[in-house]
Amino acid sequence: MKTKIAIFLMLLTGILSLAAKNPQDGKPGIEFKESSYDFGTIREEKGPVSHTFEFVNTGDAPLLILNASASCGCTRPDYPRNPVKPGKSDKIKVTYNPKGRPGEFTKTVTVRTNIKGKDKKVTLKIKGNVTPAK
């Protein structure tokens, strides 16, 4: 009888451990509404311009934006520091300063996340043409 109870308890423990999903077992995901933006023609004397890239966590675990770095000092990303829950959305604001940079430009922002594998980095792109100040 003790053996049957022990076997029953072991089976029950195994079933419960499979059923109780650890949040760490889930995987975050990220999907941007757009990954590039064209400012068109902007005037240098008007100063910095910004665009907001919206994204959603398409996974089943919290998404962390670990870092967002620009390809140039003229571009500044502002990203969320708190975890983004599954199904929720947030934004990354990218600001470009055209001062002293007339002509066409293309800049990138590399977004690093807690997603495992090749999808842990996303590249956002901005471009445009700066009309020089008079």
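**Figure 1. Accessible surface and overall make-up of the protein.** The accessible surface of the protein comes to about 9100 Å², and carbon and sulfur atoms contribute 53% of that surface. Accessible areas come from the Shrake-Rupley method with a 1.4 Å probe, and for residues only the protein chains shown count as cover. The model is predicted: local features need pLDDT of at least 70, side-chain atom pairs count only at pLDDT 80 or more, and totals for chains, interfaces and linings use all residues. Residues are numbered from 1 along each chain as its sequence is written, and side-chain values use heavy atoms, with hydrogens and water left out. The protein has one helix and eight strands, arranged along the sequence as α-β-β-β-β-β-β-β-β. Helices (H or I, at least four residues) and strands (E, at least two) are DSSP runs, numbered from the N terminus. Of the 134 residues, 31% are buried (under 20% relative accessible area; exposed is over 50%, and partly exposed lies in between, with a 1.4 Å probe and protein chains only). Among contacts with a separation of 6 or more, 67% join residues 24 or more positions apart; a contact means heavy atoms within 4.5 Å.

Figure 2. Strand β6 spans residues 89-96 and includes Lys-93. Because its relative accessibility is 38%, Lys-93 counts as partly exposed. Leaving out residues up to four places away in sequence, Lys-93 touches Ser-50, His-51 and Thr-52, as well as Arg-76, Pro-77 and Asp-78. From C-alpha to C-alpha, Lys-93 and His-51 are 5.8 Å apart in space, although 42 residues separate them in sequence.

Figure 3. Thr-131 belongs to strand β8. With a relative accessible area of 32%, Thr-131 is partly exposed. Apart from neighbours within four places in sequence, the contacts of Thr-131 are Thr-41, Ile-42, Arg-43, Glu-44 and Glu-45. Thr-41 lies 90 residues away from Thr-131 in sequence, and their C-alpha atoms are 6.9 Å apart.

**Figure 4. A positive surface patch that includes Lys-120.** Arg-112, Lys-116, Lys-120 and Lys-121 form a positive surface patch. Patch residues have over 30% relative accessible area and no salt bridge, and like charges are joined within 9 Å. A salt bridge is a side-chain nitrogen of Lys or Arg within 4 Å of a carboxyl oxygen of Asp or Glu. Lys and Arg count as positive, and the place of a charge is taken as NZ of Lys or CZ of Arg. Lys-120 lies in the loop between β7 (103-113) and β8 (121-131). Lys-120 is partly exposed, at a relative accessible area of 42%.

Conventions
Patches are made of residues with over 30% relative accessible area and no salt bridge: like charges are joined within 9 Å, nonpolar side chains (Val, Leu, Ile, Met, Phe, Trp, Tyr) within 5 Å.
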